[in-house]
Amino acid sequence: MKLSKIKAILPTLNNVEFQLENGKFVPEHFHVTEIGVITKHFIDCGGNTRREKVVNFQLWDANDFEHRLKPTKLLDIISLCENKLGIEDSEIEVEYQSTTIGKYDLDFNGNNFVLKNKQTACLANEACGIPEGKQNVKLSDLNTSCCTPNSGCC
């Protein structure tokens, strides 16, 4: 989800709620402790130079159980960050503490913001020899001589 989309959704909500893909909710007394821009400049395993830029939201579960972040307050925080940091309309990545700091993509299910699990992936499959999708193999083409009766394989 891009920053512009969360800004369009927030005015329609009464509360800001984040939910993990497994259905568990981020405790309602969470804080947004950071909003910033993360730029990653790297070389993939195929030797290609790449750049990625995301708007980063960090959620923190504090022990002040009466705290509730309202949509207008989050919009104010976003606006401040846009003005002070020059944040552009980029994809949002959310950091949230589980057993370690997890990084999530952001989605909206009509009621709540959903922290979508991120996956690692090779960005240069062709350079690594990773086949695209499943390979089709005819069983008749396989060498089955070791698994025939009296072949000595067992």
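**View 1. The largest nonpolar core holds 28 residues.** I6, F57, F113 and L115 have the most contacts inside this core. Elements giving it two or more residues are α1 (3-9), β1 (18-20), β2, β3, α2 (71-85), β4, β5 and β6 (113-117). A nonpolar core here is a set of buried Ala, Val, Leu, Ile, Met, Phe, Trp, Tyr and Cys residues joined through side-chain atoms within 4.5 Å. Buried means under 20% relative accessible area, exposed over 50%, and partly exposed in between (1.4 Å probe, protein chains only). In soluble globular proteins, nonpolar side chains tend to be buried together.

The model is predicted: local features need pLDDT of at least 70, side-chain atom pairs count only at pLDDT 80 or more, and totals for chains, interfaces and linings use all residues. Residues are numbered from 1 along each chain as its sequence is written, and side-chain values use heavy atoms, with hydrogens and water left out.

**View 2. The protein chain has three helices and six strands.** From the N terminus on, the order is α-β-β-β-α-β-β-β-α. Helices (H or I, at least four residues) and strands (E, at least two) are DSSP runs, numbered from the N terminus. Of the 154 residues, 30% are buried. Contact means heavy atoms within 4.5 Å. Among contacts between residues at least 6 apart in sequence, 65% join residues at least 24 apart.

**View 3. F57 is among the core residues with the most contacts.** Not counting residues up to four places away in sequence, F57 touches L3, I6, E34, I35, L74, I78, I92, E93, V94 and E95.

**View 4. E34 lies in strand β2.** E34 counts as partly exposed because its relative accessibility is 41%. Leaving aside neighbours within four places in sequence, E34 is in contact with N56, F57 and Q58. The C-alpha atoms of E34 and Q58 are separated by 5.1 Å, although the two residues are 24 apart along the chain.

**View 5. S90 sits in the loop between α2 and β4.** S90 counts as buried because its relative accessibility is 11%. Beyond residues up to four places away in sequence, S90 touches M1, K2, L3, K53, V54 and V55.

**View 6. E91 also has its place in the loop between α2 and β4.** With a relative accessible area of 39%, E91 is partly exposed. Leaving aside neighbours within four places in sequence, E91 contacts M1, K2, V54 and V55.

**View 7. E28 lies in the loop between β1 and β2.** E28 is partly exposed, with a relative accessible area of 46%. Leaving aside neighbours within four places in sequence, E28 is in contact with H67 and R68.

**View 8. The largest pocket has a volume of about 500 Å³.** Of its 18 lining residues, K40, E52, E93, K118 and Q119 are the closest to its centre. Elements giving two or more residues to the lining are β2 (30-43), β3 (49-61), β4 (92-97) and β5 (101-108). A pocket, on a 1 Å grid over the protein atoms alone, is an open set of points where a 1.4 Å probe fits, with protein on both sides within 12 Å along at least five of seven lines; lining residues have an atom within 4 Å of a point. The volume is the space filled by probe spheres set on the points.
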